[in-house]
Amino acid sequence: MPSAVSDMTTSTGTTGTPPGGPGGGAGEAAEEIRAVPVRHPGRMVAGAVLVLLIVWLGITVAGNEEFDFGVIPDYLFDPVILDGVRLTLVLTVVSMAFGLVIGVVAAIGRLSDNPVLRWTAGAYIWLFRGTPVLVQLVFWFNIGIVFPTLGITIPFTDVSLFSVESNTVVTPLNAAILGLGLNSGAYIAEIVRAGITSVSRGQVEAASALGLEPRRTMRRIVLPQAIPVAVPPLGNEFVSMLKYSALASVIAVQELLGSVETIYSVNLRTLELLVVASIWYLALTTLFSFLQSLLERRLARGRSGIATVRSRRARTPRRPRKAVA
Amino acid sequence: MSTPTVASVPAVSARAIRKSYGSNEVLRGIDLEVGPGQVQVIVGPSGSGKSTFLRCINHLERIDSGRLYVEGDLVGYREHRGRLHELRPQEVARQRARTGMVFQHFNLFAHMTVTQNVIEAPRHLRGLTKREAVELAHDLLRKVGLADKADAYPAELSGGQQQRVAIARALAMEPRLMLFDEPTSALDPELVGDVLDVMRGLAEGGMTMVVVTHEMGFARDVGDALVVMADGQVIEQGPPRDVLANPATERAAKFLARVH
């Protein structure tokens, strides 16, 4: 890089003609610095206290005769638990996909020039962000009480084109997907909206000035730059969803927590089985965090200030850019 | 012959353009005519409305009153039986495609390489195949002296290089008119020359240009006409050398003395 090259030429020039004349003081300056580092007694004390506390906690837990560690490995790969893990994954992925679709639509609605769309999207976000997920889940689960049949009718008439019993469609799993999806959709809408508004106005103006239509500008110019901005918070949302999906156990979905509950309601090893569930939740969130970081690295392409893998082009001079990036 | 009629249609014709943001009137009746092949330079203190006026020419800003024509076509509207009808977004886009614009902050598409930046619009709007578009892009990049940066991303280029790519990108649409909005104001001083050289080349090639700038040297050497704006009005107008040497109004004289 040119800057490095110029640095080198400068330093060569300096050593060629040392300011204090040849020899004088040059030996001293070249000597390696071996200074006594600053001591931090406070750190050592705090560290020692913490280590003691952790050891004591470990001994207390390990020495507790009521807590049977042996149970944990027995149940970690129990078929019932594995079914629960599978269902947790399905619930999370499907709800998230559902939430993404709704969220993108709501985000575009909020940014629309049409006041009705803007208002509707705003009301949706307000409602679903402002009420507890648990309430929403139980609500959808019990929707059959007030709407015994669901179907398509022509609005304001009694003409029904298609109708089904609520209880056959609103299974616990479907109610959970509906509840979790609609709830996270409201959060995703705000994430996507923030991503879109983070793309500088200049990008849209440049596209308009070239003659690109608004729709194409959104698809080719704005969204590709909004997505890398939205991915980290979307990853968080995914990890949250993984954990919020445990709430579905309340409406009789046999996901990870639900399956753990079935087991401990029989053998009463409540804490041990909760540890089993926690191990799985941790494993899944760790896995997804890792996948997220891979995705982020891929999306960082061409963006300044972020290390890229394209060392092939590193030879071109890099200038840090201010403003519009 | 039809040549005189074509030549007589001005590239830009502005009549009594007014524009306000709320109670702040930024353009107070601008009249300006730019002939085909002319280089019109606009200077003036910041806040004088020169950039706003330039942005009105391709309808990035809409005017409140007056009439603005590019090559005889009303910008942003259609006049039908004495009433103005707004053009639809696609029609506005089609109008803008004939005018190139270069911005102060370059506004290159950050997620695309230099080549992708240049081919995006012509690929879609001029119906070029990918191969034709890339060939065109490489020709244009050679013209602005950046043939070796075809695969670089904007963040890897200096400001001056980015601005030259932005010019190539605008030229790829084969515009009849180029608008420059303070193209060198965001550049380090040593990079200004490269961009001005490219613009000088364009002018020599006969491109019609409207240039908002603070570069008085460029105005004098390349400009065919110079306009000094202040407070949303044209306060001085004429051949650059005359205006720069003997400004008629005191305000213009004061401004020019400061930027010289």
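Predicted model: local features only at pLDDT ≥ 70, side-chain atom pairs only at ≥ 80, totals over all residues.

Trainee: Which residues make the nonpolar surface patch of about 900 Å²?
Mentor: That patch is made by A:Val45, A:Val49, A:Leu50, A:Leu53, A:Ile54, A:Trp56, A:Leu57, A:Val61 and A:Phe69.

Trainee: And where is A:Phe69 placed?
Mentor: A:Phe69 is in the chain A loop between α3 (41-63) and α4 (71-76). With a relative accessibility of 40%, A:Phe69 counts as partly exposed.

Trainee: OK, rings now. How many aromatic pairs are there over all chains?
Mentor: Searching the whole structure gives five. In one of them, A:Tyr124 and A:Phe128 have ring centres 5.1 Å apart and planes at 45 degrees, so that pair is tilted.

Trainee: Where do A:Tyr124 and A:Phe128 sit in chain A?
Mentor: In helix α6 (residues 115-130), and because they are four residues apart there, about one helical turn separates them.

Trainee: Is A:Tyr124 buried or exposed? And what about A:Phe128?
Mentor: A:Tyr124 is buried, at 14% relative accessible area. A:Phe128 is buried as well, at 12%.

Trainee: What's the geometry of A:Phe139 and A:Trp140?
Mentor: Their ring planes are at 90 degrees with the centres 5.3 Å apart, so A:Phe139 and A:Trp140 form an edge-to-face pair. A:Trp140 has a relative accessible area of 18%, so A:Trp140 counts as buried.

Trainee: Switching to chain B: what lies over the face of B:Phe109?
Mentor: B:Arg169 does, at 4.5 Å from the ring centre.

Note on methods
Residues numbered from 1 in each chain as written. Chains lettered and ligands numbered in written order. Heavy atoms only, no water. Patch = residues over 30% accessible without salt bridge, like charges linked within 9 Å, V, L, I, M, F, W, Y side chains within 5 Å. Areas by Shrake-Rupley, 256 points an atom, 1.4 Å probe, with all protein chains shown as cover. Salt bridge = Lys/Arg side-chain N within 4 Å of Asp/Glu carboxyl O. Helix = DSSP H or I, 4+ residues; strand = E, 2+ residues; numbered from the N terminus. Buried < 20%, exposed > 50% of the residue type's maximum accessible area, 1.4 Å probe, protein only. Phe/Tyr/Trp six-rings, centres within 6.5 Å; stacked < 30°, edge-to-face > 60°. Lys NZ or Arg CZ within 6 Å of the ring centre and 35° of its normal.
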